[in-house]
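Visitor: I would like to learn how to read the features of a structure like this one. Please start with the general idea each time, then turn to the case at hand.

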Amino acid sequence: MKRIFLPLSFLVLASCAGPKWSEISTDDGFNVITQKKGQTLGYSSASGVAILEDKGYAFKDMNRNGVLDPYEDWRLPAAERAADLAQRLSIEEIAGMMLYSSHQSVPSGGGMFGGATYEGKPYAQSGAQASDLSDAQKKFLTDDNLRAVLVTTVESPAVAARWNNNMQMLVEGMGHGVPVNISSDPRHETSATAEYNYGAGGEISHWPTSLGLAATFDPALVEEFGQIASQEYRALGIATALSPQIDLATEPRWTRFYGTFGESPELDTDMARAYVDGFQTSTGKAEIADGWGYNSVNAMVKHWPSGGPEEGGRDAHYNYGKYAVYPGGEFETHLKPFTEGAFKLNGATGMASAVMPYYTISTGVDPSGKNVGNSFSKYIITDLLREKYGYDGVVCTDWNITYDNAGIDKFDGKCWGVEELTVAQRHYECLKAGVDQFGGNNDKGPVLEAYEMWVAEFGQESADERFRESARRLLMNSFRTGLFENPYLDPAVSAKTVGKPEFMEKGYQAQLKSVVMVKNSDSVLPMKSAEVKPKVYVPQRYFPQMVNFFGMVTPERWEETFATELLEKYYEPVSDPAEADFAIVVIDAPTSGTGYSAEDVKKGGNGYIPISLQYSDYTAEHAREVSLAGGDRLEKSANRSYKGKSVKTVNKTDLETVVETKKAMGDKPVITVVNTGKPFVPEFEPYSDAILVSFGCQNQAILDLISGAVEPSALLPMQLPANMKTVELQKEDVPFDMECYVDADGNAYDFAFGLNWSGRIDDARVKKYRK
């Protein structure tokens with residue numbers, strides 16, 4: 001039952017200017033005020049927040065002082081409100097705002113990021129609701145004044161909405177009423193086994209990976225994705241996206257290649273701009289001012305100044321991958337997606353509202369000769385980002401850079417270049433570099449220690465000014481998105497918005513546009529018949545035991561590639577290749593590890609091994625004799641070379657499956673579908689009559705393409721190397737510097753290459769972006 005409440009002064013308003021606002025109390029514990037030509041307000045009466053009036057309009061008295069302060073006045077520009085509140089906050093409040101929480105699941109009940117308690121008990125034993133706040137969440141919101149929360153999994157959109165509301169109700173009655181700003185890593189990727197039935201809704205719409213979006217070569221599609229994703233994010237309570245990842249992916253072995261828009265500076269720049277415009281721009285009734293509003297999601301672009309050129313492809317989440325190198329002198333090229341894309345938007349919001357530097361030490365870039373992780377570098381953050389390129393948004397560190405690191409291959413702290421400093425001193429170095437926020441830190445203690453260090457070195461006035469400057473930037477991202485006016489959600493509306501049918505369809509259509517056909521000998525595709533369904537043989541897939549990026553082990557297993565009921569909609573499945581008209585083999589690109597081995601250390605080596613992009617066993621005969629970067633207090637040698645060492649690919653059986661299937665099929669067509677997140681050597685090509693390259697899509701989309709329901713249109717967003725020699729000889733920071741694989745039909749698998757039913761695609765996209 002909803003009830004309407006009118007202010008005590010309503011009769012006065014009605015007699016002079018007429019009613020401008022009315023109020024309802026919701027069943028979810030908060031009140032909503034709507035007003036003519038004014039902002040909608042949401043607040044909890046239990047928080048102690050009162051409603052003030054001025055000229056017939058309603059305002060939230062967020063600090064409960066009975067005065068309409070400038071930051072509470074929604075008629076004023078966001079910049080003026082943020083500047084006012086930044087001066088009012090205590091240093092302790094600002095220190096809390098500088099925190100960015102560790103990963104939070106809803107409910108919190110375990111998983112890779114640890115368990116949690118509710119009133120001292122594990123979730124399963126606590127009797128808590130899924131949307132309740134955990135003990136840790138209550139602590140960091142109250143004791144530490146944290147206001148930026150990173151969410152991972154959520155039980156459902158409705159639960160996410162209620163969890164958001166519970167947090168907002170808790171913090172609304174504290175201090176100056178600063179709301180929680182919830183964020184998320186990308187969450188729209190799909191599962192291969194999911195089925196889209198043209199009408200059903202889901203928990204969220206499913207889209208290709210960023211690399212798959214890049215394969216469409218269509219910035220307008222990426223902007224549309226951002227417009228849809230932002231609506232779903234806001235329905236989940238998420239107002240900040242820890243994306244897009246616009247690192248220029250010039251190193252083909254890099255583990256995080258899959259999250260990028262590929263290796264073209266021009267395409268990456270256009271995709272970055274489109275993505276941020278889509279996420280940040282509100283229109284119509286949702287707009288508050290300057291393109292910002294209730295459908296806007298702050299985009300935190302990452303990772304400045306690009307994590308792409310990792311030496312040897314090793315990743316900086318680990319000590320063994322902490323160095324980025326520039327053997328080709330292309331440092332400035334890697335800045336372009338930021339400076340020409342994310343910082344020069346077409347839309348009214350102007351530029352991405354936040355930036356995340358990467359963990360890497362950008363070796364040899366600082367003219368002073370100092371080599372430290374990017375968030376500790378004054379040259380990288382202040383001299384370049386702030387001063388040269390005029391960036392005034394939030395700079396937030398990547399997660400856990402101030403924590404200690406216990407080993408070369410340990411997934412713990414990532415304090416590269418400042419390992420000898422204390423935790424508080426690392427925070428201080430970041431502040432001096434120009435950072436505003438600390439990712440993965442729930443504790444305000446080290447931030448306050450860093451404040452005292454600043455006071456001791458530069459004086460209290462300087463320290464206060466420095467902290468309030470970061471507070472202003474951080475507050476802008478909550479004012480512009482309307483969180484100060486109404487941070488609350490209607491769970492029923494959230495459930496209807498997230499994954500609604502039209503969003504699901506848009507995502508599926510994008511998947512269809514993201515799959516690249518690189519081979520189609522004798523036009524074997526599309527595979528269809530007007531009279532009788534062709535018979536298809538699909539071998540089972542073998543998944544070997546693997547250790548993932550976070551060190552978690554997945555057991556070996558066999559799986560059916562396609563669900564039988566799905567496959568039968570297109571073809572007649574048979575178990576004997578002799579009976580089949582054709583075969584479909586689905587495989588993964590080669591996977592060989594992360595480039596470091598504790599076993600190599602035990603054998604007396606330096607631990608460094610190759611990262612292979614081929615299925616066959618590989619020995620690095622052409623690797624560097626001496627690494628370009630290296631050295632660590634935990635290592636005996638500064639040389640991280642792996643020349644002459646060998647590595648085996650864990651999924652070599654994928655290649656063997658293609659070979660064995662072709663042998664069994666004889667002259668009948670074999671269609672190979674390879675799922676990948678980075679370049680690879682296509683050793684299976686001689687045994688394949690047609691090849692599709694997928695960057696993360698549903699099996700149903702693959703069958704729609706093979707059957708001819710849809711014509712392929714995607715293009716390679718990267719080069720596919722001819723061999724591992726060219727991979728070793730290419731330079732980590734240089735795009736398009738590999739010898740490309742050439743197939744039996746004479747086609748080079750180069751950037752912007754792709755086929756449709758008529759042959760090689762040579763449309764406007766190719767002409768615009770090809771190298």
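Guide: Pockets and cavities come from a 1 Å grid over the protein atoms alone: a cavity is a set of points where a 1.4 Å probe fits but cannot get out, and a pocket is an open set with protein on both sides within 12 Å along at least five of seven lines; lining residues have an atom within 4 Å of a point. This is a predicted model, in which local features need pLDDT of at least 70 and side-chain atom pairs count only at pLDDT 80 or more, while totals for chains, interfaces and linings use all residues. Residues are numbered from 1 along each chain as its sequence is written, and side-chain values use heavy atoms, with hydrogens and water left out.

Visitor: Which residues lie nearest the centre of the second largest pocket?

Guide: They are R234, Y294, N295, Y488 and L489, out of 18 lining residues. The volume of this pocket is about 420 Å³, where a volume is the space filled by probe spheres set on the grid points, and points are joined across faces, edges and corners.

Visitor: Which helices each supply at least two residues of that lining?

Guide: Helices (H or I, at least four residues) and strands (E, at least two) are DSSP runs, numbered from the N terminus. Helix 8 (219-235) and helix 15 (491-497) each supply at least two residues of the lining of the second largest pocket.

Visitor: How is that lining made up by class?

Guide: Ala, Val, Leu, Ile, Met, Phe, Trp, Tyr, Cys and Pro count as nonpolar, Asp, Glu, Lys and Arg as charged, and the others, Gly among them, as polar. For the second largest pocket this gives nine nonpolar, seven polar and two charged residues.

Visitor: How many cavities of 30 Å³ or more does a search of the whole structure find?

Guide: The search finds ten. The largest cavity holds about 190 Å³ of space, and 16 residues line it, with A148, N181, Q437, L474 and S478 nearest its centre. Helix 14 (residues 460-479) gives the largest share of this lining, four residues. Ten of the residues lining the largest cavity are nonpolar, five are polar and one is charged.

Visitor: What lines the second largest cavity?

Guide: The second largest cavity has about 110 Å³ of space. It is lined by 13 residues, and E311, G312, R624, Y642 and E732 are the closest to its centre. By class, two of the lining residues are nonpolar, four are polar and seven are charged.

Visitor: Are F680 and F684 buried or exposed?

Guide: Buried means under 20% relative accessible area, exposed over 50%, partly exposed in between (1.4 Å probe, protein chains only). Both F680 and F684 are buried. In the protein chain, buried residues make up 60% of the 771 residues.

Visitor: Which ring faces does K414 lie over?

Guide: A charge sits over a ring if NZ of Lys or CZ of Arg is within 6 Å of the ring centre and within 35 degrees of the ring normal. K414 lies over the face of Y359, at 5.7 Å from the ring centre, and over the face of F411, at 4.0 Å.

Visitor: Where does F217 lie?

Guide: F217 lies in the loop between helix 7 (210-215) and helix 8. Its phi is near 55 degrees, a positive value in a residue other than glycine. F217 counts as buried, at 2% relative accessibility.
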